[in-house]
Every structure is written in structure tokens, then in C-alpha cells.
Amino acid sequence: LAVTQVAVSLVLLTTAAVLVRSFAEIRQADLGFSAPQVLTAWTGGGNAPPSQLPSTRVALERLAALPGVTHTAVAFRAPLSLSGSAISKPVFFPGRPHDPRVAPLAVKFNAISRDYFATLGTRLIAGRFFDRGDEQPGEPVAIVNQEFATRFFGGAALDVRIRLGDPQGPDHRIVGIVPNVVINSVTERADPYLYLPYWRAPYGEATFLIRTSGDAAALTPAVRDVLKTTDAALEARRLVTMRQYTEYSGSAYRATAALGSAL
């Protein structure tokens with residue numbers, strides 16, 4: 001009996017140690033962004049696409065004027081927000097043959113304003129971020145993550161052109177490469193990912209991202225009030241900080257590590 005108890009205890013101790021170490025590695029992992037003091041406000045969908053509402057730009061300006069706010073952006077979704085996780089676009093490569101009998105490559109994407117990466121603290125690997133010119137009608141452009149650039153172009157993806165949605169559609173020139181940002185889980189494997197200018201198309205959702213020099217959660221009442229008074233269609237349905245999203249995504253691993261340790 002004593003030998004059995006010691007054996008079981010050793011197994012539990014070893015398992016707990018592995019789980020705790022794994023959880024510690026998750027907390028220290030590179031998520032692709034480094035600005036925890038960011039509040040996100042998801043407005044959901046409405047009758048009119050938020051990306052086509054003038055009030056969306058007004059709301060951004062009003063949010064930027066709040067005390068303590070350093071950066072603001074709007075996007076279709078925020079990382080780890082569990083919103084639109086399956087949104088993807090068919091991608092075609094000009095000059096490469098495509099068999100119409102085979103389903104095209106589908107790549108997940110996000111639509112973002114030009115300050116999105118600055119708000120999240122995401123660095124630039126190569127090229128440039130979106131600028132004001134990209135928000136106006138003109139040459140279609142895209143930003144890709146490092147996994148996209150490496151898998152399809154050996155890392156040299158700048159100024160390469162891709163087609164989205166249709167093999168005969170307009171070319172989108174890749175103008176920037178960014179790190180692999182987690183999309184749905186802090187432990188997920190990096191997949192190819194695309195970023196498109198938010199104002200170029202009628203997107204049915206809007207997520208405002210507000211970076212502050214202080215406690216992001218403390219801005220919740222002010223942000224809710226700004227959005228609601230600017231336009232009823234922009235009323236926030238969910239306000240969550242990026243720190244909360246990150247902790248929630250790793251909560252299952254934390255609970256398992258705690259249970260193993262307790263046992």
C-alpha cells in the first residue's frame with residue numbers, strides 16, 4: 001500500500017510540475033501583441049455596416065480624446081475575442097495554376113484601420129502598415145502575417161500580388177509583413193492570416209480598440225457612453241480588455257495546473 005501511494009504521488013507530482021511549467025510557458029509566449037492595457041468594445045452587427053457609417057470615424061475621434069487614451073483603432077474583430085473566428089477568403093496566386101475541381105485555399109482575415117497594430121503593440125517585420133491613402137479607393141493592398149509569407153513565398157512576400165475571392169478578381173499587393181498574432185487561442189498553431197483596410201468594404205461588425213496609459217477597464221463607462229451617444233448603431237454589446245481575453249484563453253490550462261498541484 002505504501003509503495004502504491006508513493007508511486008501515485010510521484011505521478012501526480014510529475015504531472016503537476018509539467019502542467020505548471022506548460023502554463024508558465026503559455027504566459028510568457030509571444031502572442032504577437034504587447035499592449036495589455038487595451039479595452040475592446042464590440043458593437044456587433046447592425047442594419048448599416050459600421051465600416052460605411054460616418055459616425056464610426058466620429059466615434060474614433062471622440063474615443064481618442066478621452067483622458068489617458070494613447071491609441072485608438074477599429075477592426076472587424078480583436079485577437080482572442082471569439083468573434084468571427086471562421087471568417088476567411090479564398091486566395092489565389094497569379095501565375096500559379098488552379099484546378100477548378102479543387103476547393104481554393106481559404107485564409108482567415110481581419111479588416112483593420114491604420115492604427116490597429118500601433119494600438120496592440122504589434123511590431124512590423126517588413127514593409128509598412130496601412131496609411132491614410134489605403135483607406136481611400138485605389139490600389140487593393142493587404143498585410144500578411146509571417147506564416148503566410150513563409151509558407152507561400154519563402155518569406156519574400158513584399159510587393160507580391162494575390163487575388164482574393166475569385167481567380168479573376170483584382171490583384172492585392174502585399175505591402176507589409178507582421179508577426180503571427182494569436183487569433184482564437186493562446187496555444188494555437190500559427191496559420192496564414194491576412195489583414196485588409198477596414199474602410200474599403202462594408203463590414204457588418206465593428207470592434208473598437210482603445211489603448212490607455214492607465215487601467216483599461218476603468219475606461220469602460222466612458223467608452224460605452226461615447227459609442228452610445230455618437231450613434232445608437234454603435235452601442236457596445238461587449239467591453240473586454242485584452243488582458244481579460246488573454247487570461248480567459250489560458251484559463252483551462254491554469255485550472256488544470258492548479259488541480260494537478262492540489263492533488
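Modeller: The discussion below takes up the terms in turn and sets each value against its cut-off. Please bear in mind that this is a predicted model.

Biologist: How many helices and strands does the protein chain have?

Modeller: Its secondary structure comes to seven helices and eleven strands. Of the 263 residues in the protein chain, 43% are buried. The chain exposes about 13,200 Å², and carbon and sulfur atoms supply 56% of that area.

Biologist: Why is Ile210 called buried?

Modeller: A residue is buried when its relative accessible area is under 20%. Ile210 has a relative accessibility of 0%, and therefore counts as buried. Ile210 is placed in strand E10, residues 207-212.

Biologist: Which residues does Ile210 touch, apart from those up to four places away in sequence?

Modeller: Among them are Gln37, Val38, Leu39, Thr119, Leu219 and Val223. A further pairing in space is that of Ile210 and Leu66: they are 144 residues apart in sequence, while their C-alpha atoms are 9.7 Å apart. For the chain as a whole, consider contacts with a separation of 6 or more: residues 24 or more positions apart account for 79% of them.

Biologist: Why is Gly165 described as partly exposed?

Modeller: Its relative accessible area is 45%. Buried requires under 20% and exposed requires over 50%, so a value in between is called partly exposed. Gly165 therefore belongs to that class. Gly165 is found in the loop between strand E7 (161-164) and strand E8 (171-178). Leaving aside neighbours within four places in sequence, Gly165 is in contact with Pro90 and Phe92.

Biologist: What puts the buried residues of helix H4 on the same side?

Modeller: The buried residues of H4 (residues 146-153) are Phe148, Ala149, Phe152 and Phe153. They cover an arc of only 95° around the axis, and therefore lie on the same side of H4. After H4 comes Gly154, with a positive phi near 65°.

Biologist: Which residues of helix H6 are buried, and how wide is their arc?

Modeller: In H6 (residues 242-249), they are Met242, Tyr245 and Ser249. Their arc around the axis is only 60°, which puts them on the same side of H6.

Biologist: How many residues line the second largest pocket, and which lie nearest its centre?

Modeller: It is lined by 21 residues, and Ile183, Glu188, Arg189, Ala190 and Asp191 lie nearest its centre. The volume of this pocket is about 310 Å³. Strand E4 (residues 105-112) provides the largest share of the lining, four residues. In the lining of the second largest pocket, twelve residues are nonpolar, three polar and six charged.

Methods:
Residues are numbered from 1 along each chain as its sequence is written. This is a predicted model: local features need pLDDT of at least 70, side-chain atom pairs count only at pLDDT 80 or more; totals for chains, interfaces and linings use all residues. Side-chain values use heavy atoms; hydrogens and water are left out. Buried means under 20% relative accessible area, exposed over 50%, partly exposed in between (1.4 Å probe, protein chains only). Helices (H or I, at least four residues) and strands (E, at least two) are DSSP runs, numbered from the N terminus. The arc is that of the directions from the helix axis to the C-beta atoms. On a 1 Å grid over the protein atoms alone, a cavity is a set of points where a 1.4 Å probe fits but cannot get out, and a pocket is an open set with protein on both sides within 12 Å along at least five of seven lines; lining residues have an atom within 4 Å of a point. Grid points are joined across faces, edges and corners, and a volume is the space filled by probe spheres set on the points. Ala, Val, Leu, Ile, Met, Phe, Trp, Tyr, Cys and Pro count as nonpolar, Asp, Glu, Lys and Arg as charged, and the others, Gly among them, as polar. Contact means heavy atoms within 4.5 Å. Accessible areas come from the Shrake-Rupley method with a 1.4 Å probe; for residues, only the protein chains shown count as cover.
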